[in-house]
Amino acid sequence: MGIVIRWLLTVSLAIATGVGSALYLAGWLPLNPPGLFRAIELNHWTSDPAIGSTTADPYTRAFVARRGLLGLRREEATYYLRAVDDEGQTLRDHCAYVIEGEVPDARWWSVTLYADDYYLARNEDGAHSIDMTRAVIDADGIWRATIQATDPDDGSFWISSRNAGRFDLIYRLYNASEAILDSPESALVTPRIVRLGCEGERAS
């Protein structure tokens with residue numbers, strides 16, 4: 001009897017695992033379940049060196065495919081994901097933020113906003129991202145941009161969150177320095193995201 005029960009439990013576990021994997025790969029389960037894309041965490045930005053690697057597991061490969069990442073080797077590109085502000089609050093399209101950071105030691109970099117359906121926000125603003133070719137660097141070596149649903153019309157660089165719902169950002173570094181690749185915790189200063197306010201929020 002004990003052997004039969006163990007066999008049934010083993011079969012049930014195998015079926016559950018198989019079904020879960022199939023649902024995830026098909027896109028029916030959450031895109032970023034606990035443990036995935038969490039190998040490196042820097043001030044709410046998370047990354048996984050397995051992206052683009054031949055050792056990447058099926059879940060990581062599915063993440064790359066569903067995210068539309070190129071999945072290049074880490075020597076060519078590294079990706080950092082963020083879905084909360086500096087206070088740990090979920091990024092939402094009815095709030096306004098300032099993102100600012102230092103220029104990373106990489107050949108090229110960008111920050112792109114993705115909507116809650118994992119695609120670029122569905123709007124005609126043409127303001128989905130900032131990159132090294134468009135960022136204005138101040139005297140202290142800092143670049144910054146405003147993230148909100150409407151153009152701030154104050155001369156600042158604008159990333160539109162209109163129709164994005166709960167959104168996240170992907171910070172891409174192409175051909176990052178060996179120091180960043182080997183020790184990102186000490187060599188990379190990731191961008192800050194400060195919430196300015198939200199619609200319907202009472203002034204203090």
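**Exercise 1.** Determine whether cysteine 95 and cysteine 198 are buried or exposed, and describe how they are linked.

*Solution.* Begin with accessibility: cysteine 95 and cysteine 198 are both buried, where buried means under 20% relative accessible area, with a 1.4 Å probe and protein chains only. This is a predicted model, in which local features need pLDDT of at least 70 and side-chain atom pairs count only at pLDDT 80 or more, while totals for chains, interfaces and linings use all residues. Residues are numbered from 1 along each chain as its sequence is written, and side-chain values use heavy atoms, leaving out hydrogens and water.

Next, turn to the sulfur atoms, which lie 2.0 Å apart and form a disulfide, that is, a pair of cysteine sulfur atoms within 2.5 Å. The link of cysteine 95 and cysteine 198 is right-handed, with 100° about the S-S bond.

**Exercise 2.** Identify the residues with the most contacts inside the largest nonpolar core, and follow leucine 173 to its neighbours.

*Solution.* A nonpolar core is a set of buried Ala, Val, Leu, Ile, Met, Phe, Trp, Tyr and Cys residues joined through side-chain atoms within 4.5 Å. The largest one has 31 residues, and Ile99, Leu169 and Leu173 have the most contacts inside it. Leucine 173 touches, among others, Tyr80, Trp108, Trp109 and Ile180, when residues up to four places away in sequence are not counted; contact means heavy atoms within 4.5 Å.

How values were computed
Buried means under 20% relative accessible area, exposed over 50%, partly exposed in between (1.4 Å probe, protein chains only).
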